[in-house]
Amino acid sequence: MSDGFDRAPGAGRGRSRGLGRGGGGPEGGGFPNGAGPAERPRHQQPPQPKAPGFLQPPPLRQPRTAPPPGAQCEVPAGPQRPPRPGALPEQTRPLRAPPSSQDNIPQQNLESAMAKPQVVVAPVLMSKLSANAPEFYPSGYSSNYTESYEDGCEDYPTLSDYVQDFLNHLTEQPGSFETEIEQFAETLNGWVTTDDALQELVELIYQQATSIPNFSYMGARLCNYLSHHLTISPQSGNFRQLLLQRCRTEYEVKDQAAKGDEVTRKRFHAFVLFLGELYLNLEIKGTNGQVTRADILQVGLRELLNALFSNPMDDNLICAVKLLKLTGSVLEDAWKEKGKTDMEEIIQRIENVVLDANCSRDVKQMLLKLVELRSSNWGRVHATSTYREATPENDPNYFMNEPTFYTSDGVPFTAADPDYQEKYQELLEREDFFPDYEENGTDLSGAGDPYLDDIDDEMDPEIEEAYEKFCLESERKRKQ
């Protein structure tokens, strides 16, 4: 027993020995040379030798095709390993890979193959874009509109449908006016050939301009273009004449409309603002080629303002403020050219309304702001005086662009200082000590100057190093 304990732990053990030889183990009983009760009898037939390829020690990392731990290492030399008795089917073995050609690969080739990393190739995504795809249009854009108008009015049964569709399109997309108005006018010249058709065209544009507030400006531009490009001129009048007649019909009931109910007043206010846009945009060419505005509209706007101020309700006063903000500067200039004081009368009437009328506080504030706007020449900037007329007394910016000088003590002074002449003369006397230099340091002296020859142009090493760093940093920032 002592002999068994004198043996060093693990002595006599080796990986090449067969299973069941555990000297010093529980079954070996600590007998020498590993002999014990569990030792194989001598008369028993020795086991069959294993294949020489499997006598090598197992690798540090088991291959994927290796049997699970605890299984026998004997593998038949045939191309396919037969199933062991009691083994699970191939489908239910989670630790075994299906038999493949890797079973026939030698051990060394298998290890080298497994040592190489497997490169996973990402699937290639095929694009669905095509050069033959239809043209893209943003949301809200009608792709059929341009084609229909380029083809003319063949797809529209009546003139009313064609014109109304074009007006709705301009309301939604006012930026298309310049590109599509020419085609629209050409189509109308081929369609509007009677007095009734021209009257219908005027009515459609008028209703669109007065029923939709945002279309009043675009409607005035459209009327101005058609008044110059429609070729039809029947006996009843051309496009501009029929348009002014339609406006006069609404103008004649201005007093009743200003006193009417809310719906009537709202329609009347839309007409007033559209008439203001017409006054600004409707151009009339004179016999000598000059372009003027319609004087009849100027008179009409004056009377419409009187009707609005005669009925000082909040919505009427708000409409009057909008009209004056829109046309006030142009009307005042036109009245001044004729020597009239109509704008002065309107401002006086506004002040009376603010004092006497029972309008809301917000409306009174709007009226006062309008008076203030008119006092500032309707927000227009006055022309600045020329350089010859500018003096320190009438131009606060007279000395703005004058240079700044410094005295010997470093005190700045400009031409606006009272003692400018004395300080500047002192500056000139001080500069007489350096007659060969301008103010910017330019050397005006000739070669061989005894004073300048004594000046050392070389930089101090510290300054030179700092300068080089500055140049490198500047170059790096420039390249970025």
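Let's start with Phe 470, which lies in helix 17 (residues 461–479); helices here are DSSP runs of H or I with at least four residues, numbered from the N terminus. This is a predicted model, in which local features need pLDDT of at least 70 and side-chain atom pairs count only at pLDDT 80 or more, while totals for chains, interfaces and linings use all residues. Residues are numbered from 1 along each chain as its sequence is written, and side-chain values use heavy atoms, leaving out hydrogens and water.

Phe 470 counts as exposed because its relative accessibility is 53%. The cut-offs are under 20% relative accessible area for buried, over 50% for exposed, and partly exposed in between (1.4 Å probe, protein chains only).

Helix 17 also holds charged pairs. Glu 465 forms a salt bridge with Lys 469, their closest N and O atoms being 3.8 Å apart; such a bridge is a side-chain nitrogen of Lys or Arg within 4 Å of a carboxyl oxygen of Asp or Glu. These two residues are 4 apart in helix 17, so about one helical turn separates Glu 465 from Lys 469. Another salt bridge joins Glu 475 and Arg 478 at 2.3 Å, N to O, and both residues lie in helix 17, 3 residues apart. Glu 475 is partly exposed at 32%, whereas Arg 478 is exposed at 59%.

Now let's move to another part of the chain. Arg 246 pairs with Glu 203 in a salt bridge, with 2.8 Å between the closest N and O atoms. Arg 246 lies in helix 8 (residues 239–251) and Glu 203 in helix 6, so the pair ties together parts 43 residues apart in sequence. Arg 246 counts as buried at 16% relative accessibility, while Glu 203 is partly exposed at 27%. Across the whole structure, the search finds 17 salt bridges.
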